[in-house]
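Reader: Hi, could we go through this structure together? I would like to ask things as they come up.

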Amino acid sequence: MDDKIDIAELDRKEKEQIEKERLKEVAKGIRAREQEEALRKGRSGKGHKGGYLTFCRFCHREFTIPGIVKCTICGHDTMTESERMDELKTRIEEHK
Ligand SMILES: [Zn+2]
């Protein structure tokens, strides 16, 4: 009789542990999604410091994840870092 109770108790604890692990995974998933979302929104910058993959000249967002061909904020086409650098160089030349 006592054995049965122990097994039931163990069973319950095991289920609790599994549920705890599951919730941890869910929380981890949410955090990862939030981070992904933040990355998708890009960071603000003028695009002259580099270190990004694409840049939106309309709202000055730098995107560090691949595949952002249109700005996730304003919807305009983004440009790559080298395109941006070329444009900056051209503008500096024009000022001379
Ligand atoms: Zn934009």
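Reader: To start, is E9 buried, partly exposed or exposed?

Author: E9 counts as partly exposed because its relative accessibility is 33%; buried means under 20% relative accessible area, exposed means over 50%, and partly exposed is in between, with a 1.4 Å probe and protein chains only. Before we go on, please keep in mind that this is a predicted model, in which local features need pLDDT of at least 70 and side-chain atom pairs count only at pLDDT 80 or more, while totals for chains, interfaces and linings use all residues. Residues are numbered from 1 along each chain as its sequence is written, and side-chain values use heavy atoms, with hydrogens and water left out.

Reader: OK, and which residue forms a salt bridge with E9?

Author: K13 does, with the closest N and O atoms 3.8 Å apart; a salt bridge here is a side-chain nitrogen of Lys or Arg within 4 Å of a carboxyl oxygen of Asp or Glu. K13 and E9 are separated by about one helical turn, because they are four residues apart in helix α1, residues 2-41. Helices (H or I, at least four residues) and strands (E, at least two) are DSSP runs, numbered from the N terminus.

Reader: Which residues are linked with E9 in a network of salt bridges?

Author: The network links E9, R12, K13 and E16, and the count of salt bridges comes to 13.

Reader: Switching topic, what coordinates the zinc ion?

Author: The SG atoms of C56, C59, C71 and C74 do so, at 2.2 to 2.3 Å; donors are N, O and S atoms within 2.8 Å of the metal (3.2 Å for Na, K and Ca), and water is not among the atoms, so sites may look incomplete.

Reader: And why is the arrangement tetrahedral?

Author: The four donor atoms subtend angles of 104 to 122° around the zinc ion, which makes the arrangement tetrahedral, since four donors count as tetrahedral if all angles lie between 85 and 135 degrees. C56, in strand β2 (residues 54-56), and C71, in the loop between β3 (61-63) and β4 (79-80), are 15 residues apart, and this pair links distant parts of the chain.

Reader: Is C56 buried or exposed?

Author: C56 counts as buried, because its relative accessibility is 0%, and C71 counts as buried at 4%.

Reader: Last one: what does the side chain of E62 reach?

Author: E62, which lies in strand β3, reaches the backbone nitrogen of G47 with its side chain at 2.9 Å.

Technical notes:
Tetrahedral: all angles 85-135°; square planar, octahedral: opposite > 155°, others 65-115°. Polar contact = N/O pair within 3.5 Å; in protein donor to acceptor, adjacent residues only side chain to side chain.
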